[in-house]
Amino acid sequence: MSTTPRLTALDALHRSLGATMTDFAGWDMPLRYGSERDEHNAVRTRAGLFDLSHMGEITVTGPQAVDLLDYALVGNISTVGNGRARYTMICQEDGGILDDLIVYRLGETEYMVVANASNAQVVLDALVARAGGFDAEVRDDRDAYALLAVQGPESPGILKQLTDADLDGLKYYAGLPGTVAGVPALIARTGYTGEDGFELFLKPEHAEGVWKALTEAGAGVGLIPCGLSCRDTLRLEAGMPLYGHELTTSLTPFDAGLGRVVKFEKPGDFVGRKALEAAAERAETAPPRKLVGLIAEGRRVPRAGMQVVFGGEAVGEITSGAPSPTLGVPIAMAYVDAAHAAPGTEGVGVDIRGTHEPYKVVALPFYKRQK
Amino acid sequence: MSNPQQLRYSKEHEWLSAVEDGVATVGITEHAANALGDIVFVQLPEVGSTVTATEECGELESTKSVSELYSPVTGEVVEANQDVVDDPSLVNSAPFEGGWLFKVRLTAEQDDLLTADEYTAFTAG
């Protein structure tokens with residue numbers, strides 16, 4: 001296996017901006033440009049610009065594209081309207097989560113599946129394997145797209161300067177083809193920050209021009225480039241799961257508290273149906289550990305893998321933790337035994353390198369934007 | 001990034017001030033502060049405790065990770081910087097000044113610390 005990291009079309013630009021780079025799923029990606037706290041706050045209050053070109057785009061086309069997706073994924077893709085997007089998951093036969101995905105319907109018989117960078121190959125392989133017998137084509141489009149995201153309350157105003165597309169008519173979780181700064185783009189009102197914002201799928205050769213145009217258009221309202229570090233604290237505050245942390249192959253969507261994405265009512269069989277029906281029943285009769293939010297009373301930061309304790313005994317495990325720039329205290333997501341999972345539960349601690357630091361159980365998300 | 005000439009440096013990225021009346025000040029370098037990112041929590045050795053050269057004596061927590069703090073010298077801690085405990089971002093904004101960490105009364109000379117030029121070369125390598 002090659003150990004040379006993959007570079008996005010914006011690599012030289014990131015370096016010229018002084019980004020601290022990090023390896024992420026085999027890609028060399030910007031971790032932060034300056035202070036990750038400033039970048040986080042910019043997205044919450046103004047706007048931030050991200051390079052997300054490491055995400056994995058897979059196109060599924062053909063007369064039976066939707067039938068293939070309904071069979072391969074747990075969602076009901078046949079109910080997704082043209083120009084809309086859907087959050088869904090792809091599971092194993094045993095119900096374990098292979099990845100969480102966003103599926104965009106680009107046309108009558110054309111869909112784009114966006115997988116996490118770390119799982120893009122796994123998802124591609126699974127879709128190809130599951131496509132047998134369907135009149136549909138699965139195409140690896142990872143190299144066909146660069147992906148920029150402009151996120152934050154100022155993002156509609158910034159993007160409006162560069163496009164004729166009807167942004168006001170573009171709903172959350174919808175996407176439409178248009179032009180941005182004179183080049184073709186799929187403009188989607190999606191993101192992973194808890195803020196209003198847009199994701200722009202472009203040809204890689206256009207990425208630098210669009211990045212610069214967005215930087216210029218946003219300069220007056222405080223848009224700054226943002227790295228993966230603040231993307232993680234933003235999504236954590238927004239209570240959004242991250243594959244490898246809240247979601248793994250050893251959990252079903254029901255174990256992750258996301259059973260609602262599994263659509264048993266859709267016609268036909270789908271991969272994992274039997275196991276997921278059993279998991280749904282188990283969740284009813286014997287609730288699994290629940291995904292909860294924890295807010296620190298002190299200042300030490302919980303990290304993934306640390307134990308949640310109650311009366312000296314382990315009652316759960318941290319899946320993600322970080323200092324919250326918005327709340328000003330450390331926060332975490334954790335799977336916790338049902339007995340200690342109710343919001344307001346007191347006496348819960350996190351074992352941070354041998355010390356039991358006090359934490360309070362809260363409902364997710366930690367942060368919800370005012371609309 | 002420039003490393004002040006009057007300080008000496010460890011390979012664990014601490015700096016040590018010149019010794020005055022047997023006492024020297026310890027902090028972490030700008031290089032280390034930049035590498036850690038925004039520092040959100042510091043745990044410093046307690047006043048009166050003994051620290052040992054190259055051994056762990058506290059921790060620095062940043063957004064993404066926690067790192068051990070090592071002492072560049074051996075001695076008794078005579079002061080801990082309460083300002084950085086209250087506002088850890090001082091370590092990022094002024095690592096060589098207001099972001100100093102603790103003062104130590106040396107009980108042994110530490111010979112293998114680097115000069116500013118040697119440290120600059122070390123971090124460039």
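Predicted model: local features only at pLDDT ≥ 70, side-chain atom pairs only at ≥ 80, totals over all residues.
A salt bridge is taken here as a side-chain nitrogen of Lys or Arg within 4 Å of a carboxyl oxygen of Asp or Glu. A:Lys160 is partly exposed, at 41% relative accessibility, and A:Asp168 is exposed, with a relative accessible area of 63%. Over all chains, a search of the whole structure returns 24 salt bridges.

A further pair within chain A joins A:Arg105 to A:Glu108, where the closest N and O atoms are 3.4 Å apart. A:Arg105 has a relative accessible area of 13% and is therefore classed as buried, the cut-off for that class being under 20%. A:Glu108, by contrast, is exposed at 58%.

Contacts between the chains include a salt bridge between the side chains of A:Arg303 and B:Glu61, with an N to O distance of 2.9 Å. A:Arg303 is located in the loop between strand 15 (290–296) and strand 16 (307–310) of chain A, while B:Glu61 belongs to strand 6 (residues 56–62) of chain B. A:Arg303 is buried at 13% relative accessibility, and B:Glu61 is buried with a relative accessible area of 0%. Both residues are part of a network of salt bridges that also links A:Arg300, A:Arg353, A:Glu357 and B:Glu59.

Chain A contains an open sheet of five strands in the order 6-7-8-5-9, with antiparallel pairing. Its edges are formed by strand 6 (85–91) and strand 9 (137–140) of chain A, each of which pairs on one side only. From one strand to the next, the twist averages 30°. Strands of a sheet pair through backbone hydrogen bonds. Strand 6 of chain A is joined to strand 7 (residues 97–107) of chain A by seven bridges in the antiparallel sense. Within chain A, A:Met89 is positioned opposite A:Asp100 of strand 7.

For chain B, an unreviewed UniProt entry lists residues 23–105 as "domain: Lipoyl-binding". In the model, the end C-alpha atoms of this span lie 4 Å apart, and the span is 20% helix and 43% strand. Elsewhere in chain B, B:Gly125 is found in the segment after helix 4 (116–124). B:Gly125 counts as exposed because its relative accessibility is 91%, the threshold for exposed residues being over 50%. The C-alpha atoms of B:Gly125 and B:Asp83 are 33 Å apart in space, and the two residues are separated by 42 residues in sequence.

How values were computed. Residues numbered from 1 in each chain as written. Chains lettered and ligands numbered in written order. Heavy atoms only, no water. Pairing = 2+ DSSP bridges. Helix = DSSP H or I, 4+ residues; strand = E, 2+ residues; numbered from the N terminus. Axes fitted to C-alpha atoms, helices over the stretch in contact; angles between N-to-C directions. Buried < 20%, exposed > 50% of the residue type's maximum accessible area, 1.4 Å probe, protein only. UniProt positions renumbered as here; feature names shortened; annotations may be inferred.
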